[in-house]
Amino acid sequence: MADKQSFTQDEWITILMSPTIAGMAITAADPSGLWGMLKESFASGTALATAKSDPNASPLVKAVVTDFESADGRGEIIEALKARFAGATPDDIVPKALSVLADVARILDTKAPEDAAAFKAWLEEISLKVAEASKEGGFLGFGGVRVSDAEKATLADIQKTLSA
């Protein structure tokens, strides 16, 4: 089973930020205002907390969650996100996020093939939870849809990217 020592520092940081990236891609696909963004961010954080207490979560997922909880890990994530998304426009976020997820898929397939499927499934699950966290297109909580067409398309792109 793979852990942090199975990867170079750059590879680990890419893997470490992947849960955040998976959620960001969905949020950027169809921004739903401040309240929606907060709900979607909370959904992403909840997925991390759930993985921490899940006895069936893979050791690699647990290693990411452990690092994510540390001040050093969060600092590395923030710096990596700043570097990857520096100068990005809102229209750039989804393609850049998909590029990071493609990098994660390649790293996992190469360095942790026994853990790759479970980790990729976890990222897809995070994306889905973020997409379902807030209704899109309604007014004052009425109407709208649970997952918008743009979010559905991004979910499909994430699945395709991770399985390529």
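I started with T27, which counts as buried because its relative accessibility is 18%; buried means under 20% relative accessible area, exposed over 50% and partly exposed in between, with a 1.4 Å probe and protein chains only. This is a predicted model, where local features need pLDDT of at least 70, side-chain atom pairs count only at pLDDT 80 or more, and totals for chains, interfaces and linings use all residues. Residues are numbered from 1 along each chain as its sequence is written, and side-chain values use heavy atoms, with hydrogens and water left out.

T27 sits in helix α1 (helices are DSSP runs of H or I, at least four residues, numbered from the N terminus). Which residues does T27 touch, leaving aside its neighbours within four places in sequence? I found M37, E40 and V130, with contact meaning heavy atoms within 4.5 Å.

**The largest pocket**

Next I looked up the largest pocket, and its volume is about 270 Å³. A pocket here is an open set of points on a 1 Å grid over the protein atoms alone, where a 1.4 Å probe fits, with protein on both sides within 12 Å along at least five of seven lines; lining residues have an atom within 4 Å of a point. The volume is the space filled by probe spheres set on the points, which are joined across faces, edges and corners. There are 14 lining residues, and T27 is among the closest to the centre, along with G23, M24, M37 and S41. Helices α1 (9–29) and α2 (33–53) each supply at least two lining residues.

**Helix α5**

Then I moved to α5, residues 90–111, and noted 22 residues. From first C-alpha to last, α5 reaches 32 Å, close to the expected 32 Å (1.5 Å times one less than the number of residues). Its buried residues include V94, L98, D103 and L108. What do the buried residues of α5 pack against? I listed α1, α3 (59–69), α4 (71–85), α6 (113–132) and α7 (149–163).

D92 is also in α5, but counts as partly exposed because its relative accessibility is 28%. I checked D92 against A28: they are 64 residues apart along the chain, with their C-alpha atoms separated by 9.2 Å.

Last, I looked at F119 and W122, both in α6 and 3 residues apart, about one turn of the helix. Both are buried.
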